[in-house]
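Let's walk through this fold together, one question at a time. Have the structure open beside you as we go.

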Amino acid sequence: MAISRDEVVTAAIGLLDDAGLAALSLRRLAATLGVSAPTLYWHVADKRALLDLMAERIVGEHRTPSEPAAGQHWSDWLAGQARRQYRALTAHRDAALVVAGNRPTTSTSVEHIEHTLGILVDGGLEAAEAMDAVFGVGHYVLGAALEAQAEAARGDTPTDPDLVARITELPHLRAVGRAGFDVERTFERGLACLIDGLRARADRNAHHDSA
């Protein structure tokens, strides 16, 4: 039975959604596709290579638009990219674990990174700062997605009544409790802190260059 690499990646993401990363193996994937293990190895050398391909597909699902809109500040565009990646990661079970530590697998991925760096450099960051910004925002998105999915999996676990009582005695935590906890709001506020910091750094660079 002839299969393509795209079919392998699609089936692997299907298994991820159904059973999670811990249950994903090349043997199980080969059985799902109805092929032998040697046939599968024509397309992926090992599980790490498979995870890199899956990561590229998952992130690529939400990788547009590739240019800031007319009049849009580069930092707002970067925030939009982060939101799209967050949606992609939370759309698939254990996707953050798959994407963490992945490496580009195609020249298209490398060119996308170069293109993103160009936008940030044009916006006022130095090349190394731009790369750190891409990593920093990416790491934040990964962590936020991982925490959101872990929180959802935890469900409504009862909290120790004594701990609740203690929290109500502490003014700042009591104020937080009144405001309520919202995963999406927390993500947006954390992202805003990062984006505001990057914009401030670019503004300092511009001021230094003009001095």
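A pocket here is an open set of grid points with protein on both sides within 12 Å along at least five of seven lines, and its lining residues have an atom within 4 Å of a point. Please keep in mind that this is a predicted model.

Q: Which helix gives the most to the lining of the second largest pocket?
A: The lining is made by Glu151, Val164, Ile167, Leu173, Val176, Gly177, Gly180 and Phe181. The top contributor, with three residues, is H10.

Q: What is the volume of the second largest pocket?
A: By class, its lining has five nonpolar, two polar and one charged residues. The space they line has a volume of about 250 Å³.

Q: Does H10 lie largely in the open or is it buried, and how many of its nine residues are buried?
A: A residue counts as buried when its relative accessible area is under 20%. H10 lies largely in the open, because the number of its nine residues that are buried is zero.

Q: What phi does Gly180 take?
A: Gly180 is one of the residues lining the second largest pocket. It sits just after H10, and its phi is positive, at about 85 degrees.

Q: Which residues have the most contacts inside the largest nonpolar core?
A: In soluble globular proteins, nonpolar side chains tend to be buried together. Here the largest such core has 53 residues. Elements giving two or more residues to this core include helix H1 (5-19), helix H4 (47-60) and helix H11 (183-210). The residues with the most contacts inside the core are Leu29 and Met54.

Q: At roughly what angle do the axes of helix H5 and helix H7 cross?
A: The axes of H5 (residues 74-90) and H7 (residues 107-122) come within 10 Å. Trp74, Trp77, Leu78 and Gln81 of H5 meet His112, Thr116, Ile119 and Leu120 of H7. By class, this contact has five nonpolar, three polar and no charged residues. The crossing angle is roughly 145 degrees.

Q: Is Asp94 buried or partly exposed?
A: Asp94 lies in the loop between H5 and H6. Its phi is near 60 degrees, a positive value in a residue other than glycine. Buried would mean under 20% relative accessible area. At 22% relative accessibility, Asp94 is partly exposed.

Q: How many Å apart in space are Gln72 and Tyr41, C-alpha to C-alpha?
A: Gln72 is found in the loop between H4 and H5, and it is partly exposed at a relative accessible area of 33%. In sequence, Gln72 and Tyr41 are 31 residues apart. In space, C-alpha to C-alpha, the distance is 45 Å.

Methods:
Residues are numbered from 1 along each chain as its sequence is written. This is a predicted model: local features need pLDDT of at least 70, side-chain atom pairs count only at pLDDT 80 or more; totals for chains, interfaces and linings use all residues. Side-chain values use heavy atoms; hydrogens and water are left out. Axes are lines fitted to C-alpha atoms, for helices over the stretch in contact, and angles run from 0 to 180 degrees between N-to-C directions. Helices (H or I, at least four residues) and strands (E, at least two) are DSSP runs, numbered from the N terminus. Contact means heavy atoms within 4.5 Å. Ala, Val, Leu, Ile, Met, Phe, Trp, Tyr, Cys and Pro count as nonpolar, Asp, Glu, Lys and Arg as charged, and the others, Gly among them, as polar. A nonpolar core is a set of buried Ala, Val, Leu, Ile, Met, Phe, Trp, Tyr and Cys residues joined through side-chain atoms within 4.5 Å. Buried means under 20% relative accessible area, exposed over 50%, partly exposed in between (1.4 Å probe, protein chains only). On a 1 Å grid over the protein atoms alone, a cavity is a set of points where a 1.4 Å probe fits but cannot get out, and a pocket is an open set with protein on both sides within 12 Å along at least five of seven lines; lining residues have an atom within 4 Å of a point. Grid points are joined across faces, edges and corners, and a volume is the space filled by probe spheres set on the points.
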